[in-house]
Amino acid sequence: MTTPTLDIIIPVWNSPAETRGCLVSVMESAQTARLIIINNGCDRTTELMLEEICDHLGERALYLTMERNIGFVPAVNRALKRSEADWCIILRPTTIINPHCIQQLLQTTTLEQAGLVTPRCLPEIPLPTQLLKSNCTTLETCEISFVAIAISKVMRETIGLFDEELDGGPWCLKDYRYRADAHGFRTYLAATVTVEGQPAALLGSLERRRRLVETARTICQQRWGTQEHLAIYLPKETDEEKLNETLKLLLSAARHGHLFELFLHGRQYHAACKSGATCLHCGITLHKLPALFTIRRLARTMTALTTTYPQLQTVCGLDDTPFPGFDSTLPHTKLFQLAKL
């Protein structure tokens with residue numbers, strides 16, 4: 001199999017010590033990749049450091065200079081326009097990667113319909129619950145971060161660049177991932193790859209940034225709708241065919257950004273695990289119910305979940321099975337609506 005070509009994009013705005021640490025870790029981890037380094041209106045100290053590193057890299061570096069700080073996302077878009085590589089990895093200048101990170105990410109890019117690939121980005125993206133209960137190495141996700149994100153050339157030629165009118169952070173990323181999903185591209189988490197990055201440097205007043213985030217949230221939700229968080233219970237007599245049908249439906253909905261808590265009896269849970277359901281998607285969490293005091297455990301778990309996630313709602317199973325202990329349960333047609341089927 002041919003190794004894909006790779007560009008690594010790093011927009012830089014001052015912080016020379018942290019930036020040098022990032023660049024050194026990249027040079028040690030990706031000895032054949034090209035680095036696209038953007039001088040995003042840096043001070044002279046940082047500029048000299050960047051010029052020194054680019055001189056050392058020679059043809060392995062593309063150095064772009066902006067007269068002023070145009071913002072992280074616009075700088076990324078300028079770099080993406082200059083890239084012809086099969087994959088681009090975007091990093092914040094405070095991100096530190098380990099020696100095997102790049103190779104492990106590239107292995108994940110071969111998965112079906114991969115358009116976006118992310119490592120576990122600390123501290124922004126917490127460890128998915130599924131990884132505490134399984135040996136998943138890859139699974140689909142909706143959580144991505146500019147700490148580190150890989151983007152395929154095929155996808156970016158299909159859906160375009162990031163929306164520079166959004167917040168340059170979570171809502172900009174959500175919008176881009178929604179666009180990827182709308183065109184059939186998948187977002188994968190390389191679960192065994194961890195990178196660390198510091199929060200991005202912020203420009204402007206707190207009030208201006210707050211307004212920007214709220215505007216971005218409104219625009220994104222108008223385009224794609226709001227995220228739903230639902231709990232589903234399958235009765236003990238549910239057969240494997242209905243279980244698989246439910247999992248398939250939840251996966252379709254999870255790809256659109258929704259979250260699910262699926263409660264299963266022991267036999268169902270083991271069948272789901274055997275079929276790889278624990279490694280389907282970060283938005284689907286399986287809960288195993290005990291053989292004894294089943295409803296009591298279900299009620300206790302739901303109390304804890306609704307305390308943590310006040311927006312959590314219950315929904316009927318595909319055969320209109322109500323959720324035990326809840327009078328107001330959404331109809332099962334809600335699942336088809338969220339899956340857009």
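## Terms and basis

Two strands pair if DSSP finds at least two bridges between them. Helices (H or I, at least four residues) and strands (E, at least two) are DSSP runs, numbered from the N terminus.

This is a predicted model: local features need pLDDT of at least 70, side-chain atom pairs count only at pLDDT 80 or more, and totals for chains, interfaces and linings use all residues. Residues are numbered from 1 along each chain as its sequence is written, and side-chain values use heavy atoms, leaving out hydrogens and water.

## Strands E10 and E11

Strand E10 (residues 259-264) runs parallel to E11, and five bridges join them. Leu264 stands opposite Lys288 in E11. Strand E11 (residues 284-288) is mostly covered, with four of its five residues buried. Buried means under 20% relative accessible area, exposed over 50%, and partly exposed in between (1.4 Å probe, protein chains only).

## Helix H1

Helix H1 covers residues 16-29. Its buried residues are Thr19, Cys22, Leu23, Ser25, Val26, Met27 and Ser29. Their cover includes strands E1 (6-12), E2 (34-40) and E4 (87-91), and helices H2 (44-57) and H4 (101-108).

## Phe336

Phe336 lies in helix H12 (residues 333-339). Phe336 counts as partly exposed because its relative accessibility is 29%. Phe336 and Thr192 are 144 residues apart in sequence and 32 Å apart in space, C-alpha to C-alpha.

Notes
Expected span 1.5 Å × (residues − 1). Contact = heavy atoms within 4.5 Å.
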